[in-house]
Amino acid sequence: MAGSGPSVDLSVVIVHYETPTLLADCLRSLGPAKTDLSLEVFVVDNASVQFDPAACEAAYPGVRVIRNERNAGFAVASNQGLRAARGRYRLLLNPDTLLAADSLRSMVDYMDARPDVGCSTCRLEMDDGSLDLACRRSFPTPAVAFYRMTMLSRLFPRSRRFGRYNLTYLDEREETEIDAPCGAFMLVRAEVVEGVGLLDERYFMYGEDLDWAYRIKAAGWRIMYTPVTTVRHRKRASSRRFRERTVRYFHDGMRRFYRAHYEDRQPRWVSLAVLSAIAVRERIELTGIALARLTRSRPG
C-alpha cells in the first residue's frame, strides 16, 4: 500500500479539480510550513481543464503531480496519493487551504507525543475568522442527524444534546476528542492507513472522510481536534462554482454513510425517516439553487 523507498516525516496529498488559483496559494503556503520536516507532496488532478501538470511541477520543485484522464472523485484520487506515500504521517489537504508557518511542525510534534492518537486535525478557520464547524464532528447517528435536519442544532447550539454534530457546546480553543475531522486537513498515522485501509471509493465526494474516521475509531484509535495551530479554509470559494453537483454529492454521501453503518441496526421506520429527510433536504436545496438561477436570468 505504501510507496517504495525510504520513509519521510510527512506525505501531503492534495486532490485538485478546476481551482488552479487556490491550489497555487496552497502550495505557496507549504513552503514556509516545511521547516525541518522531510516532506513529499502529491497533487492528484482530476482531469482539470485549467491545469498544467508540468507547469505545476516546475513552479513548485518537489511536488509530484498525478494526472487523471477523468474526474475520478475525491476518494479515488486521495487513494492514488496515499498508495504512493512513504511518510510516517499522511495528510489529506484541500487545495482551498492556507497553512500557517507552524502548521505542519506543530501537528507532527502533536502526533509524535501521543502514540494512541491515530488521526488528528487542527483549527480550520473561515475567511472571517470563525471556526469551520466541519473540522470537529460527531458521527451522524439517527438522533444526531435528526437534530441537524430539523434545525434544532442551530436553534440550540450550546445544548449538549442538540449541538452534538458540530460540538458547538464546546470551547473551540480547547483540545477535544472527536469522532471525525473533515478531509480538508486530516492527519493520519501510516500504521493506521496500513491497518484500516484506504478511503472507500464508492464515495465520490463527501462522506468518505466520515467513513474513514468511523473505521479508524472502530479499530481502537483516538481522533483528536487541537487548536495548537490554525489553517485557513476558503471552502466556499471552491464549492460555489459547482453548487448543484456539490449538493447532490453531499446527500449521496449521507445516504451511503447511513446505509453502511446504521441501517442494519435500526428499525425499518427509523431508516425510512432518515433517508426521507435526506431526500427532502436535498430537494429543498436544489430547488433553492434553481430559483436563484431563474432570478439571475430575468432581465432588469
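Are Y214 and F257 buried or exposed? In this predicted model, both Y214 and F257 are buried. The two residues also take part in the aromatic contacts described next.

A pair of aromatic rings is described by the distance of the centres and the angle of the planes. A search of the whole structure identifies 11 aromatic pairs. One of them joins F139 and Y214 in a tilted arrangement, with 5.0 Å from centre to centre and 55° between the planes. F139 belongs to the loop between strand 6 (117-125) and helix 5 (142-149), while Y214 belongs to helix 8 (residues 208-218), so this pair ties together parts that lie 75 residues apart in sequence. F139 has a relative accessibility of 9% and therefore counts as buried, the limit for this class being under 20%.

Y214 forms an aromatic pair with F257 as well; here the geometry is edge-to-face, with the centres 5.9 Å apart and an angle of 80° between the planes. Because Y214 lies in helix 8 and F257 in helix 10 (residues 243-261), the pair connects parts that are 43 residues apart in sequence. Ring pairs link F139, Y214 and F257, together with Y258 and Y262, into a cluster.

Aromatic rings are also approached by charged side chains. R136 is placed over the face of Y225, at 5.4 Å from the ring centre. Likewise, the charged end of R256 sits over the ring of Y203, at 6.0 Å from the centre of that ring.

Attention now turns to strand 2 and its neighbours. Strand 2 (residues 39-45) has six of its seven residues buried, so the strand is largely enclosed by the rest of the structure. Strand 1 (residues 8-16) pairs with strand 2 in the parallel sense, over seven bridges. Within this pairing, D45 of strand 2 stands opposite H16. Strand 2 also pairs with strand 3 (residues 63-67), again in the parallel sense, and five bridges are found between them. Here F42 has R64, in strand 3, as its bridge partner.

A right-handed β-α-β unit is made by strand 1, helix 1 (residues 20-33) and strand 2. Strand 2, helix 2 (residues 53-59) and strand 3 likewise make a right-handed β-α-β unit.

Methods: Residues numbered from 1 in each chain as written. Predicted model: local features only at pLDDT ≥ 70, side-chain atom pairs only at ≥ 80, totals over all residues. Heavy atoms only, no water. Phe/Tyr/Trp six-rings, centres within 6.5 Å; stacked < 30°, edge-to-face > 60°. Helix = DSSP H or I, 4+ residues; strand = E, 2+ residues; numbered from the N terminus. Buried < 20%, exposed > 50% of the residue type's maximum accessible area, 1.4 Å probe, protein only. Lys NZ or Arg CZ within 6 Å of the ring centre and 35° of its normal. Pairing = 2+ DSSP bridges. Right-handed = clockwise from strand over helix to strand, strands pointing away.
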